[in-house]
Amino acid sequence: MRFSVITPSFRNSNWLKLCIASVADQGVEVEHIIQDAGSDDGTLAWLPQDPRVKAFVEPDGGMYDAVNRGLRRAQGDILSYLNCDEQYLPDALAGVQQFFLENPGIDVLFADFVVVDGAGNYLFHRKVQTPRLHHTWVAHLATFTCATFFRRSVIFDRGLFFDARLKIAGDGEWMVRLLQQRVSMAVLRRFTSVFTFTGENLGGGAEARREAQALCDSAPVWARRLKGLLVLHHRVRRLLGGIYFQKPFAYSLYTSESPVQRVEHQVARPKFKWKS
């Protein structure tokens, strides 16, 4: 079973180096496709020569167009996309591989992830459940793509590429289409990934809010009117599923120290976000 990991890149040289390192040491067969839009920050001085990746430098129409370009090139059985400021934790892909081998009827797999600051320090974590259609449609997507993995049939048999017209908040729209087509989904209850709050993340900006609102406005009227109940159901479901409880744990991620190396962090008092 081979993995293909797609990373859209533009002017993120330092973060990209850490992302690449986290994929390269997974211990499974993986091709890491970097779709760079023509970075002028020094990325292209080293990226095309990095033997750990397949680098493609070409103009694109934004993040989701770059991801789609990478997906079309992917040769793997299991696909994913990982942004420059995200990382996989040690042995993450081995755990994902084992799950897919043992569960041939599952096409999309979600896992838990850790959210850190720019220095790699723990901020909080998110444990996930399989998303529900109308909650995702009118409220928010409670899973993150850094911990989402899917069989190539989702893309190449079902044609479920990302909507390249969207610039920032296309993950939720993509998930709505997967749920509408009743794609089989499951959760791997382990931390596989790290999401970094760099201070420059696109998800909190005005364009992201506009795209999210447009998705909400496209939902059935009854779902929009019952948004509060859908959110309440989501939180009760998480509470009953034990999502808001987590024992102390440790995680290991790459830092920009020279040389690039993994640093382990101990989390004695785990935190969660009610919204998630």
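**Note on the predicted model: contacts, burial and rings**

1. R151 touches M1, D77, I78, F100, N103, P104, I106 and D107, leaving out residues up to four places away in sequence. Contact here means heavy atoms within 4.5 Å. R151 sits in strand β8. Helices (H or I, at least four residues) and strands (E, at least two) are DSSP runs, numbered from the N terminus. This is a predicted model, in which local features need pLDDT of at least 70 and side-chain atom pairs count only at pLDDT 80 or more, while totals for chains, interfaces and linings use all residues. Residues are numbered from 1 along each chain as its sequence is written, and side-chain values use heavy atoms, with hydrogens and water left out.

2. Is R151 buried or exposed? R151 is buried, because its relative accessible area is 15%. The cut-offs are under 20% relative accessible area for buried, over 50% for exposed, and partly exposed in between (1.4 Å probe, protein chains only). A polar atom of the R151 side chain lies 2.9 Å from the backbone oxygen of F100. For the backbone oxygen of N103, the distance to a polar atom of that side chain is 3.1 Å. Both F100 and N103 are also on the contact list of R151.

3. S4 belongs to strand β1 (residues 3-9). S4 counts as buried because its relative accessibility is 0%. The side chain of S4 makes a polar contact with the side chain of E31, at 2.5 Å. A polar contact is a pair of N or O atoms within 3.5 Å; within protein, one must be able to donate a hydrogen and the other to accept it, and residues adjacent in sequence count only if both atoms are side-chain atoms. A polar atom of the S4 side chain also lies 2.8 Å from the backbone nitrogen of G76. Beyond four places in sequence, S4 touches E31, A74, Q75, G76, I78, L79 and S80.

4. Helix α2 (residues 63-73) has eight of its eleven residues buried, so it is largely enclosed by the rest of the structure. Which residues of α2 are buried? They are M63, Y64, D65, A66, V67, N68, G70 and L71. These buried residues pack against β1, β2 (30-36), β4 (78-81), β8 (148-151), α5 (152-156) and α6 (170-180).

5. Rings come next. The structure holds 13 aromatic pairs. Rings of Phe, Tyr and Trp (its six-membered ring) pair if their centres lie within 6.5 Å; planes under 30 degrees apart count as stacked, over 60 as edge-to-face and the rest as tilted. Y122 and F249 form an edge-to-face pair, with 6.0 Å centre to centre and 80° between the planes. This pair links distant parts of the chain: Y122 is in strand β7 (residues 122-126), F249 is in strand β10, and the two are 127 residues apart. Y122 counts as buried at 17% relative accessibility, and F249 counts as buried at 11%.

6. F156 and F161 also form an edge-to-face pair, at 6.2 Å centre to centre and 80° between the planes. F156 is partly exposed, with a relative accessible area of 35%. F161 counts as buried at 18%. Ring pairs also link Y64, Y81, F150, F162 and W174 into a cluster.

7. L160 lies in the loop between α5 and α6. L160 is buried, because its relative accessible area is 3%. Apart from residues up to four places away in sequence, L160 touches V154, I155, W174, R177, L178, Q181 and V183.

8. Two backbone angles deserve a look. R11 has a positive phi of about 60° although it is not a glycine. R11 is in the loop between β1 and α1, and R11 is partly exposed at 48% relative accessible area. D91 has a positive phi of about 65° and is not a glycine either. D91 is found in the loop between β5 (86-88) and α3 (92-102). D91 counts as partly exposed at 46% relative accessibility.
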